[in-house]
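Biologist: I have a model open and I'd like to learn how to read it. Could you walk me through it?

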Amino acid sequence: MTVHTSRFTPSTLHNRDPRSTLFDAYTGDRNTNRNTSASPSGYGYTAGGSGGMAQVNGGFRSATPNSRGQYSDAVLSELENQNDQQLEGMSAKVKMLKDITIAIGTEIRTSSSLADSMNDSFDNTRVRLRGTMNRMLRMAERTGVGWKVWVGFFAAVWCVFCYVWLF
């Protein structure tokens, strides 16, 4: 049975990937004791640390328990403070969204009532124009002159008015 060994080491396998530096210290031996609370530096965390929390570049390092799985009071207090800060931020955003939603609802109701009143006004105008046109046609029939003549007469009067008004 032949054993194939890789020609590539972990550091040369992914030369272009900056995340490959995470595993530079890894030797492949699972029996060595490693500090599990140590975090690689350069990714928003500080290296090392023993059960505490550190804030780097606006990111928060996750809390790590001690060897018995317990968290210190300082860590728990810091987590609670972070939680309160994030809760306040989210509450402010929710309040802002609620105010925007209320404003949108008010605008929709106002626009709907304006559209309804405009619709009613246009309907009333249509009825009035229809009545006026019917009365004008009846008047034209009674005089014995056709409606085309009346339209021509009003066009001539309008042209005279425009000529006098402009010159």
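Biologist: Which residue takes a positive phi just after H2?

Modeller: Keep in mind that this model is predicted. The residue is Gly-144, with a phi of about 85°.

Biologist: How many helices and strands are there in the protein chain?

Modeller: Three helices and two strands. Read from the N terminus, the order is α-β-β-α-α.

Biologist: Why does the distance between the end C-alpha atoms of H2 agree with its number of residues?

Modeller: Multiply it out per residue: at 1.5 Å each, the 71 residues of H2 (residues 73-143) should span 105 Å, and the end C-alpha atoms sit 104 Å apart, so the two agree.

Biologist: Which residues of H2 are buried?

Modeller: Val-75, Gln-82, Gly-105 and Ala-140. For the protein chain, buried residues make up 8% of the 167.

Biologist: What does the UniProt record say about residues 145-166?

Modeller: The unreviewed UniProt entry annotates them as "transmembrane region". In the model, that span is 91% helix and 0% strand, with its end C-alpha atoms 31 Å apart.

Biologist: Which residues form the nonpolar patch on the surface?

Modeller: The patch consists of Trp-158, Val-160, Phe-161, Tyr-163, Val-164, Trp-165, Leu-166 and Phe-167, and together they have about 1100 Å² of accessible area.

Biologist: Is Phe-167 buried or exposed?

Modeller: Anything over 50% relative accessible area is called exposed. Phe-167 has 74% relative accessibility, so it counts as exposed. You'll find Phe-167 in the segment after helix H3 (147-166).

Notes. Residues numbered from 1 in each chain as written. Predicted model: local features only at pLDDT ≥ 70, side-chain atom pairs only at ≥ 80, totals over all residues. Heavy atoms only, no water. Helix = DSSP H or I, 4+ residues; strand = E, 2+ residues; numbered from the N terminus. Expected span 1.5 Å × (residues − 1). Buried < 20%, exposed > 50% of the residue type's maximum accessible area, 1.4 Å probe, protein only. Patch = residues over 30% accessible without salt bridge, like charges linked within 9 Å, V, L, I, M, F, W, Y side chains within 5 Å. Areas by Shrake-Rupley, 256 points an atom, 1.4 Å probe, with all protein chains shown as cover. Salt bridge = Lys/Arg side-chain N within 4 Å of Asp/Glu carboxyl O. UniProt positions renumbered as here; feature names shortened; annotations may be inferred.
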